[in-house]
Amino acid sequence: MAKKNPQEIAKNIGKELKLRGTSNLAGRLSNLITNSTSSALRFIPAPIRSFFPFLAKELDIQAPTFDDAYDKLTGKKKAQESESLSAGQEVALIPSSSPLPDQILYPPLQPKTEILGNRGKYQIENVLEYRGQGYFYQAIQLPDSQPIIIKEYLFLDKNLNKNIADIQYNFERISGIELADGRIQDFRLITPWEAIAYEQRCYLIFKGNFYSFPTLRSYLNQTGAMSSIEVYRVLHQALQSLQFLHTQKFRLPSGAVNWKPYHGNLNLDSLLISTSFQGFVIYLCDLALWEDQFISSDSKSPHYSPQQDLKDLGKTCLYLLAGNDQIANPQNLPNTVDPLIKDFITNLIYGNFDDAEIARNNLPYFHTLIANNRLLEEESIPKPEHKKNFKHLKFWIFGGLGIILLTSIIWLILKNQNKQVITNQSPKTIEQVSGIPNGQFTYTSSKNDIWSYIITTKTLLPGGINLEDKLKTIAPNLNLKYDQTLFESDLITTIKSGKADFGVTNLINFQRHPELGYQEFAYDGLVIFVAFSKKGRDQSLPTALNGKISLEQLRQIYTGKITNWQKLGGPNLPIKLYIPANNDAVENFEKQVLKTPEAINNFRRLIPEKPQPENIVTKQDPQQITQLQSFATFRAVIQDFENNNPKVGSISFDSLSKVFGQCSVYPLAIVDDNNRSVYPLIQKDGKPVTPQQTDLCNDKGNYVPNMTAFISQSYPLAYPLAVVYLRDNRREPIGEKFAEVLKTSEVQCLLRETGLVTIQPVGKICDTFN
């Protein structure tokens, strides 16, 4: 690609700034005219006001437009400028994703052409481009001049072999979807406002200027291949949109609601990208529902399904990483592509995910990708330095002015954002939470999960009071009842049935659903522990393992492949397996450690069908898994190691909030699949807790949870806790308000006392609440 010289860059920057300034002035002037007119008309009686359109038409009176104001301010005519442009100047159009056909049977519509639909009248302003099966027009909706985009379909294919009248009839009945319950939620799906069939053409009307955004194909042509982190953002947004599309109930313009929701046309040309200072937003457009009405009868009938959408998304992201659509195998991608993203795209392409929700749940954590050094290799590659050329003084002048102007714009944006951040900051005390609904409300969580332990255990807070009673004391207006028995098969069913007003859960097992909202308020995670015995500590498991264990070693241990610590460099001790009597924690372990169906099945085969009694079982086959309550497990693990008849090296896992502070067991650091060790506990000076340097019993108070690792999710077994509620304006917002209460500094201090990792650093502020 030829490089532009500095003068050309400066000239283009100047043009763009002028264009944006004019556009901004147009928007402000249009709003001023509209608001002034609306304010004036409020004082005129409705019968007289309704007579104005007829009077204006008869007298040929038109409301002033921006073009009129532009003429007055500049002394020029926009029409004259258009004529001069057409006389020889270059017109900047959106890059076309397909060339003009050799023989265009129908010329584009001329400016000022009006199109009448059922929902409004529209006027063409200019042609944007020819793309796909017709023209794109910039237009306005009359009479208020709201900007719209019109997409045109031409009957150019002689092999269509369909009755044009039938196509037009169907086109108007199916082109466009909206939620069956009337809610306004688009999740970045660009859908038509109206479909119109007229003469030999069909039109889709789109409100706003979404279609002015470039397609991913044209974006690639301009910028080249995307990085792994950029493709992650595309995947995250596109999967969210697809999950919304696949799970909602939609109504077609004809009124039918039995349409199976799918996209059916995902590719580089049907994904639009809008860039900004904060990143970019991906929009989905051109659904097969209306695009394929014009497919030739000779073409092979395409296969539509949610699974096919995922495959098409995988192929699209493969092209984004490669920078072209000529690559077929993800294994041929460059080495700079992150392996987690490469594996995920491979699973998409080969149909290894049943639906978009499962795919989203398996998408690698953003913070894990950021922490992965492979992503940084792209930025660490030395770039050639361009020699400074001081001859182009004009370039530096224009560049300096442009930077000053852009800096001013950024400052204004950040200033407004800072205002919003200040507005949205969590209050410090519960008294500052306003709008708590009156009345008694009930909420729930899954049985024996970490929240039920946190909310009901009386030994976690000073004074022997549990968190539920503490909240009643400091927040008497918050009339809540926690009832674990209400929990049904899943949280969605429980909340939607109305049995509970909201729920609390971890987001590992939470099945995300567009109808449910959630707010995170703390972090927890699984920790893997072994015995920490003073007796023979030099030969203990923490020392032998150097305080670490890898995810792969855990998989082999808990599937029966490794049965003696000697295979991992430890002492000659048989391994005895424990798991907590907490189904929530066990499900987390399966998802975060075992992962594959084969490993999960092998793990479950080791769990006896009958639950184990609460007493300690010493003559059990070490290959079989023992399931006990948390504190019974702590006792069993240390007794197994200190018992010489025979001595056993036991291992188990549980929530950090339960294990923290227990000095008879040692929480091991986790070596993730990228061979990086992350410690669940650190000393107050930031150094890791190791069996050689830290005595968990004698050094209590000198070590704390590794907050940074849990909040950033770089600790592989971390997960957020959240309040989950139904998005329904007909219900009281008690779930949102409870989340707001939990995020206050006052309650965050209480959550820290229970062993959870808070979402905000509370530090010394907790001293003010004691």
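Guide: Helices (H or I, at least four residues) and strands (E, at least two) are DSSP runs, numbered from the N terminus. This is a predicted model, in which local features need pLDDT of at least 70 and side-chain atom pairs count only at pLDDT 80 or more, while totals for chains, interfaces and linings use all residues. Residues are numbered from 1 along each chain as its sequence is written, and side-chain values use heavy atoms, with hydrogens and water left out.

Visitor: How many helices and strands does the chain have?

Guide: The chain has 27 helices and 25 strands.

Visitor: At what angle do the axes of H10 and H11 cross?

Guide: Two packed helices are described by the angle between their axes and the distance between the axes. Axes are lines fitted to C-alpha atoms, for helices over the stretch in contact, and angles run from 0 to 180 degrees between N-to-C directions. Here the axes of helix H10 (residues 306-322) and helix H11 (residues 339-349) cross at roughly 140° and come within 7 Å. On the H10 side, the contact (heavy atoms within 4.5 Å) is made by Leu310, Lys311, Gly314, Lys315, Cys317, Leu318 and Leu321. H11 supplies Ile341, Ile345, Leu348 and Ile349.

Visitor: Which residues touch the most other members of the largest nonpolar core?

Guide: In soluble globular proteins, nonpolar side chains tend to be buried together. A nonpolar core is a set of buried Ala, Val, Leu, Ile, Met, Phe, Trp, Tyr and Cys residues joined through side-chain atoms within 4.5 Å. Buried means under 20% relative accessible area, exposed over 50%, and partly exposed in between (1.4 Å probe, protein chains only). The largest core has 96 residues, of which Trp451, Ile557, Tyr558, Trp565, Ile651 and Phe738 touch the most other members. Strand S14 (residues 516-531) gives this core its largest share, 9 residues. Beyond neighbours within four places in sequence, the contacts of Phe738 include Tyr443, Trp451 and Leu471. Of the 770 residues of the chain, 44% count as buried.

Visitor: In what order do the strands of the open sheet of 6 strands stand?

Guide: Strands of a sheet pair through backbone hydrogen bonds, either parallel or antiparallel. Two strands pair if DSSP finds at least two bridges between them. The order is S1-S2-S3-S4-S7-S6, with antiparallel pairing. Strand S1 (114-116) and strand S6 (194-198) are the edges, each pairing on one side only. S6 and strand S7 (residues 201-207) are joined over 5 bridges, and Cys202 in S7 is the bridge partner of Ala197.

Visitor: What is the pairing in the open sheet of 3 strands?

Guide: The pairing is mixed, in the order S15-S20-S21. Strand S15 (548-550) and strand S21 (677-678) each have a single partner strand, so one side of each is left without a neighbour in the sheet. S15 and strand S20 (residues 669-671) run parallel, joined by 3 bridges.

Visitor: Is Lys112 buried or exposed?

Guide: Lys112 counts as exposed, at 60% relative accessibility. Its place is the loop between helix H5 (78-86) and S1. Lys595 also has a positive phi, of about 70°, and is partly exposed, with a relative accessible area of 45%.
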